[in-house]
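Colleague: I am new to this structure and would like to learn how to read its charged side-chain contacts. Could we go through them together, with the model in view?

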Amino acid sequence: MKPTVYQPWVFRFAVFTACVALLPIVMGGLVTTMKAGMAFADWPSSDGHGMFAYPWLQSAGDKFFEHGHRLAGMLIGFVSIALAAILWVFEKRTWVRWCGVAVLLCVIAQGLLGGQRVLLDQLGLAFLHGGFANLVFAFMAAVALFTSRGWLNAAEKTVPNNIRRIRTFAAASTAVLFVQYILGGLLRHLGWWPHQHLGFAVVVFVVVSMTVWVSRTDKQPWIWKPAHWLAMMLVVQIALGLGAWLTKFGFGNYLVVEGSLSQVIFRTAHFVVGLLTFMVSVNLLLRAARLCAVAGSLNNAPVLESSFVSPHPFGLQGGAR
């Protein structure tokens with residue numbers, strides 16, 4: 001079998017895909033914050049116009065943001081098609097090629113879910129649409145990780161002695177962050193469980209802080225770098241959460257102004273940074289799992305003289321030696 005070789009331009013395009021995905025996510029966050037999800041009663045048309053025929057730049061308010069969200073969704077659709085094609089042609093690992101196809105299918109499903117939210121005018125579907133976006137974005141970032149030099153060269157890295165503990169805590173952080181994201185979505189879309197969302201933030205703070213503490217190691221920057229990012233995002237997210245709560249519910253003499261600029265900024269930023277925090281936690285988990293597989297392979301199998309295409313995501317043979 002042919003060896004797996006790092007291809008910088010494939011990796012960069014995968015990163016580009018994840019970055020482009022932030023456009024519809026940010027626009028969608030603004031649409032939700034501004035309650036503009038039903039600016040149009042039709043889909044995929046907008047007031048009877050085709051997607052590219054609607055006079056978007058001449059529109060304003062809710063229609064400007066909602067149609068901008070739809071256009072951004074079309075853009076990530078085209079980019080995802082290109083990513084799937086590039087991986088299928090140039091990627092040697094079969095499982096990574098199928099990941100590219102899965103990304104495209106997820107983007108299509110996300111678009112259809114958003115369309116049904118409009119056609120059925122269901123806030124429950126809006127909640128599912130937002131929650132699924134979190135998973136799709138994390139998946140895109142994971143595909144970028146799979147094509148990175150660090151992933152391919154994992155067999156050459158020093159494995160921390162506590163790597164299995166890091167993996168366990170990273171999995172716990174990923175789980176609690178996703179639960180908190182769901183609670184936040186229920187609050188944003190349906191107005192449910194505000195105090196549960198606030199209270200569970202304490203659990204998230206404790207678990208993520210412990211994960212960062214366990215992940216601190218001088219032996220492996222590939223692990224502690226995302227852990228440091230996780231720590232910084234946790235601090236930013238707490239600050240944004242306090243701002244979102246204050247501008248939504250008020251406190252003391254602070255008067256809430258519905259739809260104010262501060263409310264839109266804090267609530268949307270809190271949503272976006274929460275999504276980014278979850279993505280970094282997934283990234284840390286995957287890196288720890290990769291090094292766990294490397295450690296297991298080194299302990300239980302003879303050292304290989306060359307590297308081949310791996311039949312599974314975390315196998316040692318997937319790395320360039």
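Colleague: In what kind of contact do the side chains of D47 and K63 meet?

Modeller: Please keep in mind that this is a predicted model. A salt bridge is a side-chain nitrogen of Lys or Arg within 4 Å of a carboxyl oxygen of Asp or Glu, and the side chains of D47 and K63 meet in such a bridge, at 2.7 Å from N to O.

Colleague: Where in the chain do D47 and K63 lie?

Modeller: The pair links distant parts of the chain, for D47 sits in the loop between α1 (8–33) and α2 (61–90), whereas K63 belongs to helix α2, 16 residues apart from D47. As for accessibility, D47 is partly exposed at 38% relative accessible area, and K63 is partly exposed as well, at 31%.

Colleague: How many salt bridges does the structure hold?

Modeller: The structure holds four, and one of them joins the side chains of R70 and E66, at 3.0 Å from N to O.

Colleague: Is R70 buried or exposed?

Modeller: Buried means under 20% relative accessible area, and R70 counts as buried because its relative accessibility is 7%.

Colleague: Which residue's side chain does R93 meet in a salt bridge?

Modeller: R93 meets the side chain of E91, at 2.8 Å from N to O, and both R93 and E91 are buried.

Technical notes
Residues are numbered from 1 along each chain as its sequence is written. This is a predicted model: local features need pLDDT of at least 70, side-chain atom pairs count only at pLDDT 80 or more; totals for chains, interfaces and linings use all residues. Side-chain values use heavy atoms; hydrogens and water are left out. Helices (H or I, at least four residues) and strands (E, at least two) are DSSP runs, numbered from the N terminus. Buried means under 20% relative accessible area, exposed over 50%, partly exposed in between (1.4 Å probe, protein chains only).
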